Amino acid sequence: MNSTFTTILRVILGLILIVFGLNRFFEFFPAPEMAVAGANFIESLESSGYILYAVAVIEVIIGLLLLVKKWVPFALVLLAPISINILLFHLFLDVSGIAAAIVIVAINIILIYKYWKAYRPLFQ
């Protein structure tokens, strides 16, 4: 669980989540050009007034938990539906960002596998 590989992946994923979560509030990266379907979907989420900000806050919290190595198995479980939705968004609505989505899902899956001992009691 505490291998160098696991630590590197955990820190990389934590930094990605913090940077892109904070980007929702401070917009230091401009929004990329999107396919029409993807842009329409994001616009509908923005019109709710809170969804994208709630997800951003959760991403930052998960990123901080991963960086400080606190409740990592819990953080990974919280991240699972978010990372799957990122992948599905890019798979069906905006294929241009699929590589980053695959990386996030892959790191999440690898880390869940590395911390599997923490999840074992859930399946007994």
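V57 is partly exposed, with a relative accessible area of 38%. Partly exposed lies between buried (under 20% relative accessible area) and exposed (over 50%), with a 1.4 Å probe and protein chains only. The model is predicted: local features need pLDDT of at least 70, side-chain atom pairs count only at pLDDT 80 or more, and totals for chains, interfaces and linings use all residues. Residues are numbered from 1 along each chain as its sequence is written, and side-chain values use heavy atoms, without hydrogens and water.

V57 sits in helix α3. Helices here are DSSP runs (H or I, at least four residues), numbered from the N terminus. V57 also belongs to a nonpolar surface patch, together with V19, F20, F25, F26, F28, F29, Y53 and I61. The accessible area of the patch is about 860 Å² in total. Two elements, α1 (4-26) and α3 (51-68), each give two or more residues to the patch. Helix α1 supplies the largest share, four residues. Patch members have over 30% relative accessible area and no salt bridge; nonpolar side chains (Val, Leu, Ile, Met, Phe, Trp, Tyr) are joined within 5 Å, like charges within 9 Å. Areas follow the Shrake-Rupley method with a 1.4 Å probe, and for residues only the protein chains shown count as cover.

Helix packing was examined next. Two packed helices are described by the angle between their axes and the distance between the axes. The axes of α3 and α4 (residues 72-92) come within 9 Å and cross at roughly 140°. Helices α3 and α4 are therefore oblique to each other. The axes of α4 and α5 (residues 98-114) also come within 9 Å, but cross at roughly 155°. Helices α4 and α5 are therefore roughly antiparallel. Angles under 35 degrees count as roughly parallel, over 145 as roughly antiparallel, 65 to 115 as roughly perpendicular, and the rest as oblique. Axes are lines fitted to C-alpha atoms, for helices over the stretch in contact, with angles from 0 to 180 degrees between N-to-C directions. The crossing of α3 and α4 is left-handed. So is that of α4 and α5. In a left-handed crossing the near helix is turned anticlockwise from the far one by less than a right angle.

Side chains of opposite charge can pair when their charged atoms come close. One salt bridge was counted, with a Lys or Arg side-chain nitrogen within 4 Å of a carboxyl oxygen of Asp or Glu as the criterion. E46 and R24 form this bridge (3.5 Å, N to O). The pair links distant parts of the chain, 22 residues apart: E46 in α2 (residues 36-48) and R24 in α1. E46 is partly exposed at 45% relative accessibility. R24 is partly exposed at 25%.
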